[in-house]
Amino acid sequence: MTERTIGQLAHDAGVGIETIRYYQRIGLIAKPQRAFNGWRRYPERTLQLLHYLRQGRQLGFTLRELGDLFSQSDIGAPRFCMAFRAAIEAKVAELDSELERLQAHRAQLREFAKSCRQREQSGRCPMLNRLACSGEPPIQRGTDIDGDA
């Protein structure tokens, strides 16, 4: 079994040393006991866990979500796999919802751009006309978003 110093572990996992220390502080990975020379030696399992954490983050999971998953059972155990599948399905549903919201937003922006190309004869920006008709008060110059001067 290969053991690594924190520097070797960071290099092999593709993360920074401070990332490893942060994960230790928040309880995602265990801090090993010091060896006779005073150095901490990290087992292979810690490297695997760091790879899982990195991949999970790239898939859009938060550290809290990953920590909750990892605390349920051993990685790779049937119970873990079932929980991870459920978390993935929930993440997919969350992404689907976000995609719908973004597509609606894009469609609205396209409509605004289209109306700008078809200028009304009033000389007023058609986009501002649409916004004014939406029921939202227009933002006056010199005010912030909350309407305070």
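**Ground rules.** I am working with a predicted model, in which local features need pLDDT of at least 70, side-chain atom pairs count only at pLDDT 80 or more, and totals for chains, interfaces and linings use all residues. I number residues from 1 along each chain as its sequence is written, and the side-chain values use heavy atoms, with hydrogens and water left out.

**Overall fold.** I looked up the secondary structure and found six helices and zero strands, in the order α-α-α-α-α-α along the sequence; helices (H or I, at least four residues) and strands (E, at least two) are DSSP runs, numbered from the N terminus. Of the 149 residues in the protein, 23% are buried, where buried means under 20% relative accessible area, exposed over 50% and partly exposed in between, with a 1.4 Å probe and protein chains only. I then turned to contacts, which mean heavy atoms within 4.5 Å: among those between residues at least 6 apart in sequence, 42% join residues at least 24 apart.

**Helix H1.** Which residues of H1 are buried? In this helix, residues 6-13, I noted Ile-6, Leu-9, Ala-10 and Ala-13 as buried. They lie on the same side of H1, because they cover an arc of only 100 degrees around the axis, the arc being that of the directions from the helix axis to the C-beta atoms. The buried residues of H1 pack against helix H2 (17-25) and helix H3 (44-58). Just after H1, I noted that Gly-14 has a positive phi of about 75 degrees.

**Helix H2.** Here the buried residues are Ile-20, Tyr-23 and Gln-24. Seen down the axis of H2, they fall within an arc of 105 degrees, so they line one face of the helix. I found that the buried residues of H2 pack against H1, H3 and H4. After H2 comes Gly-27, with a positive phi near 85 degrees.

**Helix H4.** In H4 (residues 63-72), I listed Leu-63, Leu-66, Gly-67, Leu-69 and Phe-70 as buried. Their arc around the axis is only 165 degrees, which puts them on the same side of H4. On the other side of H4, Arg-64 and Ser-71 are exposed.

**H1 against H3.** I recorded two values for each pair, since two packed helices are described by the angle between their axes and the distance between the axes. H1 and H3 pack at an angle of about 40 degrees, with their axes 10 Å apart; axes are lines fitted to C-alpha atoms, for helices over the stretch in contact, and angles run from 0 to 180 degrees between N-to-C directions. That makes H1 oblique to H3, as angles under 35 degrees count as roughly parallel, over 145 as roughly antiparallel, 65 to 115 as roughly perpendicular and the rest as oblique. The contact is made by Leu-9, Asp-12 and Ala-13 of H1 and by Thr-46, Leu-47, Leu-50, His-51 and Arg-54 of H3. I sorted these residues into four nonpolar, two polar and two charged, where Ala, Val, Leu, Ile, Met, Phe, Trp, Tyr, Cys and Pro count as nonpolar, Asp, Glu, Lys and Arg as charged, and the others, Gly among them, as polar.

**H3 against H4.** For H3 and H4 I read an angle of about 135 degrees, with the axes 10 Å apart, and the two helices are therefore oblique to each other. Leu-49, Tyr-52, Leu-53, Gly-56 and Arg-57 of H3 make the contact with Leu-63, Leu-66 and Phe-70 of H4. The residues of this contact divide into six nonpolar, one polar and one charged.

Ala-10, in helix H1, is buried, with a relative accessible area of 5%. Leaving aside its neighbours within four places in sequence, I found Ala-10 in contact with Val-15, Gly-16, Ile-17 and Ile-20. The C-alpha atoms of Ala-10 and Leu-47, 37 residues apart along the chain, are separated by 8.5 Å. Thr-46 is in helix H3 and, at 10% relative accessibility, counts as buried. Not counting residues up to four places away in sequence, Thr-46 touches Leu-9 and Ile-29.
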